[in-house]
Amino acid sequence: MEKVVITDQAANALMQTLDHGQFTSIAILVDENTHIHCYPLIKHHLPEHTLIQIKSGEIHKNIETCISIWNVLTEQSFDRQGLLINLGGGVIGDMGGFCARTYKRGIAFINVPTTLLAQVDASVGGKLGIDFEHLKNHIGLFSEPDQVIIDPVFLKTLPDNELRSGYAEVIKHHLIADGKGWDRMKNSHFEEMNWKEVIEHSVKMKYGVAQKDPTEKGLRKILNFGHTVGHAVESYLMQEGRAILHGEAVAVGMVAEAYISNTRDLISAGDLTDIQGYIQGLYPKAKLSARDIEAIGKYAVQDKKNKGKRILAALLNGVGNAVWDIEISGKEIDQSLRYYVDQT
Ligand SMILES: NC(=O)c1ccc[n+]([C@@H]2O[C@H](COP(=O)([O-])OP(=O)(O)OC[C@H]3O[C@@H](n4cnc5c(N)ncnc54)[C@H](O)[C@@H]3O)[C@@H](O)[C@H]2O)c1
Ligand SMILES: [Zn+2]
């Protein structure tokens with residue numbers, strides 16, 4: 001955890017880190033949104049640096065954008081003692097980290113995540129990478145940032161739907177690892193959230209799991225709860241031109257996978273109702289027809305975490321606990337999505 005600082009003084013924390021490092025050059029990576037909303041909060045505290053701006057969005061998380069980043073570093077004669085500061089959401093963090101760790105066999109990088117998703121999920125665990133020909137995170141590596149500085153102040157300018165999307169991972173962290181926390185959460189109000197506490201809870205939880213299983217051989221797979229069905233929903237709707245946010249899809253996936261957990265007597269009907277009700281109160285309902293549900297089943301089979309044609313998922317085993325590598329069938333996914341659709 002020593003590399004992760006959660007603070008309401010991001011600029012000071014960053015200055016301290018820079019004081020301790022012996023960096024020959026510093027670059028800061030932003031997109032057009034974090035340039036406007038986040039960069040002004042720290043720029044006056046930074047020593048001389050190069051600003052690298054890329055276009056926002058997952059579609060730019062690719063090798064062309066990396067080339068543009070490597071080009072700037074090269075033109076500015078960055079040597080191996082250079083530093084890249086990634087100021088942005090998960091796209092900036094994953095791709096900036098990838099560019100840093102491959103430029104001249106690796107330079108230092110600091111992540112300053114500015115979306116809730118990047119703060120509670122992408123900030124920990126060392127996954128870096130880019131998309132490749134429509135395959136998400138297909139090229140990449142595991143490597144921890146040299147420092148992560150998290151400040152809830154950045155969330156103030158984040159659009160509400162992005163904030164809620166990131167919050168899906170927070171719900172997940174409670175459902176898989178903190179039953180008592182879930183009891184508090186299900187009675188809480190989203191508008192009154194203490195974001196610093198929320199972030200601290202999630203980072204601690206994810207850090208603990210990632211440290212026990214850095215390369216996702218076993219335990220870390222509990223973090224996939226909601227994601228087997230969620231990814232399938234996300235990919236299908238994107239391909240249909242009806243894209244929803246990652247967290248919105250994971251919200252659907254968590255209801256579906258909680259349903260499957262209940263049909264296997266792993267959680268009670270009351271727990272399922274609580275989970276479904278809480279999630280339904282926070283997210284727009286995904287519109288899924290019978291034809292959609294059938295197609296989503298097919299996407300689940302293609303999920304890269306599966307072995308062969310078997311669909312493997314993490315399920316709840318009591319609320320606050322999870323099991324992984326559980327085979328589920330296309331039929332169960334079908335039923336679970338019909339349950340999701342039938343709830344009013
Ligand atoms: N490395 C990991 O472990 C990990 C975990 C989860 C997700 N990810 C990756 O993260 C990416 C998604 O991250 P994301 O949801 O942060 O998306 P994102 O980086 O695309 O950011 C979402 C949008 O918010 C804008 N934005 C960012 N900060 C802002 C702020 N403070 N105020 C206003 N606007 C702001 C961005 O410009 C963008 O338009 C995916 O590529 C995913 O693969 C990685
Ligand atoms: Zn996720």
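A: A residue is called buried if 20 or more other C-beta atoms lie within 10 Å of its own, exposed if there are 12 or fewer, and partly exposed in between, the C-beta atoms being placed from the backbone. The model is predicted: local features require a pLDDT of at least 70 and side-chain atom pairs a pLDDT of 80 or more, whereas totals for chains, interfaces and linings use all residues. Residues are numbered from 1 along each chain as its sequence is written, while chains are lettered from A and ligands numbered from 1 in the order in which they are written.

Strands (E, at least two residues) and helices (H or I, at least four) are DSSP runs numbered from the N terminus. E9 pairs with strand E10 (residues 322-328) in the antiparallel sense over five bridges; two strands count as paired if DSSP finds at least two bridges between them. Within this pair, Leu 312 stands opposite Glu 327 of E10. The two strands form a hairpin with five residues between them, and Gly 318 in the turn has a positive phi of about 80°.

Most residues other than glycine have a negative phi. Asn 137 belongs to strand E7 (residues 135-142) and, because it has 15 C-beta neighbours inside 10 Å, counts as partly exposed.

Another sheet-forming region is an open sheet of six strands with parallel pairing, in the order E1-E8-E5-E4-E2-E3. Strand E1 (4-6) and strand E3 (50-54) are at the edges with a single partner strand each, so one side of each has no neighbour in the sheet. On average, neighbouring strands are turned by 20° against each other, direction ignored. E1 and E8 are paired in the parallel sense over three bridges, with Val 5 opposite Ile 149 of E8. Two bridges connect strand E5 (residues 108-113) with strand E8 (residues 147-150), again running parallel, and Val 148 in E8 is the bridge partner of Asn 111. In E8, Gln 147 and Ile 149 point one way, Val 148 and Ile 150 point the other way, and all are buried.

Helices pack on this sheet. Helix H1 (residues 10-20) lies across E1, E5 and E8 and runs at about 165° to E8; axes are lines fitted to C-alpha atoms, for helices over the stretch in contact, and angles run from 0 to 180 degrees between N-to-C directions. Helix H4 (residues 63-75) touches strand E2 (26-31) and E3, its direction making about 165° with that of E3. Cys 66 is a residue of helix H4 and is partly exposed, because 19 other C-beta atoms lie within 10 Å. Leaving aside residues up to four places away in sequence, Cys 66 touches Met 95, Phe 98, Cys 99 and Ile 130; contact requires C-beta atoms, placed from the backbone, within 7 Å.

Helix packing also involves helix H7 (residues 160-177), whose axis comes within 10 Å of that of helix H9 (residues 195-212), the two crossing at roughly 55°. H7 is therefore oblique to H9, given that angles under 35 degrees count as roughly parallel, over 145 as roughly antiparallel, 65 to 115 as roughly perpendicular and the rest as oblique. This crossing of H7 and H9 is left-handed; that term applies if the near helix is turned anticlockwise from the far one by less than a right angle, and right-handed applies if clockwise. Glu 169, Val 170, His 173 and Ala 177 of H7 meet Val 198, Ser 202, Met 205 and Lys 206 of H9.

How values were computed. Two residues are in contact if their C-beta atoms, placed from the backbone, lie within 7 Å.
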